[in-house]
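Reader: I am new to this structure. Please show it to me, and then I will ask about it piece by piece.

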Amino acid sequence: MEFKTALFYVFAAIMVLASTRVITARNPVHAALFLVLAFFNAAGIWMLLEAEFLAIVLVLVYVGAVMVLFLFVVMMLDIDTDKLRENFWGYLPVASFVGVIIVLEMAAVLWRSFLSFDQQAVAAGNIGGTKELGMLIYTKYIYGFEIAAAILLVAIIAAVALTLRKRKDTKHFDPADAVRVKRNDRLKIVKIDPVTNRGAAETEVKEAP
């Protein structure tokens, strides 16, 4: 067995175990950390395929940005994990059925691709290169790229709208009202007649026995 093949089996085994722990870990922070481990092993497999750009993007974007954001959100929000885990095993039959169907479909597609695959000499340096990927994305797949960007923008706006909640224990003000405020609305000078109680107090002290 070659060294690269042994590394592939090691990365694949660790990634499968980490992915399993993502859906079985009771602590959401632990699940997010196992997902980071799965991403790192997927990046290692990309490196074995000589797709360095995809491996670096997977580490920088998903591990360095997305998963760190997930960790911050999970640790900052007060999530009732027990309530989320209610009837968890009740969905196992349906989830297993759907998973088996997806695996069979992927196996059929890959097996047909392997049967019709012609052995051709391909320059390994062009696989996963930034220039080739950029040419494909911005020429042949430009419409799909723009549609994906629009869908992600809509998803971000929807996530913000769904998670925006009004809390009673915080003070809220409208910035538009703060901009429209005038000087007379902030300060009002009221004239009051001076009242001196010093003379009356001295008279009461003198009259006291």
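Reader: Is Asn41 buried or exposed?

Author: This is a predicted model. Asn41 lies in helix H2. Its relative accessible area is 6%. Buried means under 20%, so Asn41 counts as buried.

Reader: Leaving aside neighbours within four places in sequence, which residues is Asn41 in contact with?

Author: Asn41 belongs to helix H2. Contact means heavy atoms within 4.5 Å. Beyond its sequence neighbours within four places, Asn41 touches Phe11, Ile14 and Met15.

Reader: How are H1 and H2 oriented to each other?

Author: Helix H1 covers residues 3-24 and helix H2 covers residues 28-48. Their axes come within 8 Å and cross at roughly 160°. Angles over 145 degrees count as roughly antiparallel. H1 and H2 are therefore roughly antiparallel.

Reader: What is the handedness of the crossing where H1 passes H2?

Author: The axes of the two helices cross at roughly 160°. As H1 passes H2, the crossing is left-handed.

Reader: How do the residues of the contact of H1 with H2 divide into nonpolar, polar and charged?

Author: H1 contributes residues including Phe11, Ile14 and Met15, and H2 contributes residues including Asn41 and Ala42. Lys4 and Arg21 of H1 also take part. The division is 16 nonpolar, 3 polar and 2 charged.

Reader: Which elements give two or more residues to the largest nonpolar core?

Author: That core has 10 residues in all. Among them are Val36, Phe39, Ala42, Leu58 and Met67. The elements giving two or more residues are H2 and helix H3 (52-76).

Conventions
Residues are numbered from 1 along each chain as its sequence is written. This is a predicted model: local features need pLDDT of at least 70, side-chain atom pairs count only at pLDDT 80 or more; totals for chains, interfaces and linings use all residues. Side-chain values use heavy atoms; hydrogens and water are left out. Axes are lines fitted to C-alpha atoms, for helices over the stretch in contact, and angles run from 0 to 180 degrees between N-to-C directions. Helices (H or I, at least four residues) and strands (E, at least two) are DSSP runs, numbered from the N terminus. Angles under 35 degrees count as roughly parallel, over 145 as roughly antiparallel, 65 to 115 as roughly perpendicular and the rest as oblique. A crossing is left-handed if the near helix is turned anticlockwise from the far one by less than a right angle, and right-handed if clockwise. Ala, Val, Leu, Ile, Met, Phe, Trp, Tyr, Cys and Pro count as nonpolar, Asp, Glu, Lys and Arg as charged, and the others, Gly among them, as polar. A nonpolar core is a set of buried Ala, Val, Leu, Ile, Met, Phe, Trp, Tyr and Cys residues joined through side-chain atoms within 4.5 Å. Buried means under 20% relative accessible area, exposed over 50%, partly exposed in between (1.4 Å probe, protein chains only).
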